[in-house]
Amino acid sequence: MAARSFFVGGNWKMNGTKESLGDLITGLNTASLFVCFSEVVCAAPSIYLDFARSNLDPKIGVAAQNCYKVAKGAFTGEISPAMIKDCGADWVVLGHSERRHVFGESDELIGQKVAHALESGLGVIACIGEKLEEREAGSTEEVVYAQTQVIAENVTDWGKVVLAYEPVWAIGTGKTATPEQAQEVHEKLRAWLRANVSDDVADTVRIIYGGSVTGANCRELASQGDVDGFLVGGASLKPEFIDIINARA
């Protein structure tokens with residue numbers, strides 16, 4: 001079995017100006033990134049996708065933070081995978097907890113988006129994760145399995161999918177799942193893939209962790225056997241993002 005390559009996504013969320021993102025991009029372009037160990041993708045606000053792709057070193061990928069489930073039409077305010085590709089980006093983040101819980105996106109809609117993005121040739125960073133009350137009620141597995149099921153039903157090529165486990169209670173709260181908590185869920189997700197998809201997919205798909213990942217905790221998290229990288233929020237806008245990219249180096 002080939003080792004799974006480390007994957008680090010930086011989710012800039014609704015942050016940045018051309019000036020501040022330009023400075024961030026310059027920092028990434030000039031940093032010593034051990035990209036022989038990891039694949040790096042930055043998710044820019046849609047209005048800056050072209051700017052990010054034009055200015056980032058080609059070895060760093062660019063993602064959109066969301067897209068719609070069809071190629072074009074009367075959907076004011078939405079963007080399609082075709083548009084994302086036209087801007088030179090190769091990835092899209094789908095099902096992020098903020099899309100689920102702030103904007104009310106359903107599992108069904110996220111599944112449809114995953115299907116269309118993959119049909120259009122984009123790579124998909126598909127996000128799953130439980131809320132605090134769900135963890136406290138002991139239903140973490142039930143929640144993440146149900147979310148993964150809907151994603152899996154819509155995946156045609158697992159080689160184009162990265163699964164991001166983001167416990168909602170840890171996103172932007174400063175609370176991080178312990179390396180053991182992260183490993184436990186990642187291991188269970190891999191077992192779910194083995195039972196419900198295939199051995200090959202379970203062995204090869206990258207399951208990354210998101211939720212208050214920092215330069216201080218990234219190495220310990222990266223040392224866990226089933227943690228194949230990170231989806232980084234706030235820290236991806238700071239110099240420590242370089243330490244996180246190099247967490248396995």
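In the predicted model, eight strands form a closed barrel in the order β1-β2-β3-β4-β5-β6-β7-β8, and their pairing is parallel. Between neighbouring strands of this sheet the average turn is 25°, with direction ignored. Strands of a sheet pair through backbone hydrogen bonds, which may be arranged in the parallel or the antiparallel sense.

Helix α5, residues 107-119, touches β4 (91-94), β5 (123-128) and β6 (161-165), and its direction makes an angle of about 170° with that of β4. Helix α7, residues 140-152, lies across β5 and β6 and runs at about 155° to β5, so that β5 and β6 are contacted by α5 as well as by α7.

Pockets were also examined. The largest pocket holds about 480 Å³ of space and is lined by 17 residues, among which Met14, Gln65, Asn66, Arg99 and Phe103 lie nearest its centre; by class, its lining comprises seven nonpolar, six polar and four charged residues. The second largest pocket, with a volume of about 220 Å³, is likewise lined by 17 residues, and those closest to its centre are Gly172, Ser212, Gly233, Gly234 and Ala235. The lining of this second pocket divides into five nonpolar, eight polar and four charged residues.

Conventions:
Residues are numbered from 1 along each chain as its sequence is written. This is a predicted model: local features need pLDDT of at least 70, side-chain atom pairs count only at pLDDT 80 or more; totals for chains, interfaces and linings use all residues. Side-chain values use heavy atoms; hydrogens and water are left out. Two strands pair if DSSP finds at least two bridges between them. Helices (H or I, at least four residues) and strands (E, at least two) are DSSP runs, numbered from the N terminus. Axes are lines fitted to C-alpha atoms, for helices over the stretch in contact, and angles run from 0 to 180 degrees between N-to-C directions. Contact means heavy atoms within 4.5 Å. On a 1 Å grid over the protein atoms alone, a cavity is a set of points where a 1.4 Å probe fits but cannot get out, and a pocket is an open set with protein on both sides within 12 Å along at least five of seven lines; lining residues have an atom within 4 Å of a point. Grid points are joined across faces, edges and corners, and a volume is the space filled by probe spheres set on the points. Ala, Val, Leu, Ile, Met, Phe, Trp, Tyr, Cys and Pro count as nonpolar, Asp, Glu, Lys and Arg as charged, and the others, Gly among them, as polar.
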